[in-house]
Amino acid sequence: DTSDVNAYQCYLTGRHHIARLTPPEIRKGIALFEQAIAIDPRYALAYAGAADAYRRLPIACDWRPTEAFPQAEAAAHAALALDAALSEAHVALGFVRFWYDWRWDAAEAEFRRAIELGQDSAGAHLGLAHLLSNLGRQDEAITEIRRARTLDPLSLIANTLEASFLSLAQRDD
């Protein structure tokens, strides 16, 4: 946490921008997280926000994974160095392990740790669901994506993934 209102405002505004998933918006988000960190270098959540933004770049912005994911990993580790119990940082690391390292066991462990630390983390449940589906564990994936959707019912990604996972499980009804 931060006691600086300006750092917190930068963080919240950064979250707003990266949720829009366009290249210019994600870049704005990264700049705002960096501004929050400049204001309060011990603000772990701002580092986790930067990690989340960087891990989105290859998917949403056609950035090279070799450029984006190491930055996501470094920001997540910086967040965890400040707060080892920060769920959001474990979510970002989970995506790095899943999408970049292809270390499924490590990705699952990060997502499960994030859930353990923050039961109400829609992102942790979504990440775990996506991984489980890719591993062919559709029933588990459906349970997790439904939890993510319950926590964030307006998430277009969670709603889309749930439909995809149901289809993959041949539950088209």
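1. Ground rules. In this predicted model, local features need pLDDT of at least 70 and side-chain atom pairs count only at pLDDT 80 or more, while totals for chains, interfaces and linings use all residues. Residues are numbered from 1 along each chain as its sequence is written, and side-chain values use heavy atoms, with hydrogens and water left out.

2. Main core. The largest nonpolar core holds 34 residues. Such a core is a set of buried Ala, Val, Leu, Ile, Met, Phe, Trp, Tyr and Cys residues joined through side-chain atoms within 4.5 Å. Buried means under 20% relative accessible area, exposed over 50%, and partly exposed in between (1.4 Å probe, protein chains only). Ile26, Tyr43, Leu57 and Leu86 have the most contacts inside this core. Two or more residues come from each of helix 1 (5-18), helix 2 (23-39), helix 3 (44-60), helix 4 (65-82) and helix 5 (87-101). Helix 3 gives the most, with 10 residues. Helices are DSSP runs (H or I, at least four residues), numbered from the N terminus.

3. Leu57. Setting aside residues up to four places away in sequence, Leu57 touches Ile26, Ile30, Asp62, Trp63 and Ala68. Contact here means heavy atoms within 4.5 Å.

4. Second core. A separate core of 21 residues includes Phe98, Ala114, Leu128 and Ile142.

5. Helix 4 against helix 5. These two helices pack at an angle of about 150 degrees, with their axes 9 Å apart. Axes are lines fitted to C-alpha atoms, for helices over the stretch in contact, and angles run from 0 to 180 degrees between N-to-C directions. The pair is therefore roughly antiparallel (angles over 145 degrees). The crossing is left-handed: the near helix is turned anticlockwise from the far one by less than a right angle. The contact residues divide into 14 nonpolar, 3 polar and 2 charged. Ala, Val, Leu, Ile, Met, Phe, Trp, Tyr, Cys and Pro count as nonpolar, Asp, Glu, Lys and Arg as charged, and the others, Gly among them, as polar.

6. Helix 6 against helix 7. The axes of helix 6 (residues 104-117) and helix 7 (residues 122-134) come within 9 Å and cross at roughly 155 degrees. That makes helix 6 roughly antiparallel to helix 7. Their crossing is left-handed. Trp104, Ala107, Glu108, Phe111, Arg112, Ala114 and Ile115 of helix 6 meet Ala124, His125, Gly127, Leu128, Leu131 and Leu132 of helix 7. By class, the contact has 9 nonpolar, 2 polar and 2 charged residues.

7. Ser133. This residue sits in helix 7. Ser133 counts as buried, at 5% relative accessibility. Beyond its neighbours within four places in sequence, Ser133 contacts Gln138, Ala141, Phe165 and Leu168. Its C-alpha atom is separated by 31 Å from that of Ala81, 52 residues apart along the chain.

8. Positive phi. Most residues other than glycine have a negative phi. Asp62 has a positive phi, near 60 degrees. Asp62 lies in the loop between helix 3 and helix 4 and counts as exposed, at 72% relative accessibility. Gln170 also has a positive phi, of about 60 degrees. Gln170 is in the segment after helix 9 (156-168). At 70% relative accessibility, Gln170 counts as exposed.

Methods:
Parallel < 35°, antiparallel > 145°, perpendicular 65-115°, else oblique.
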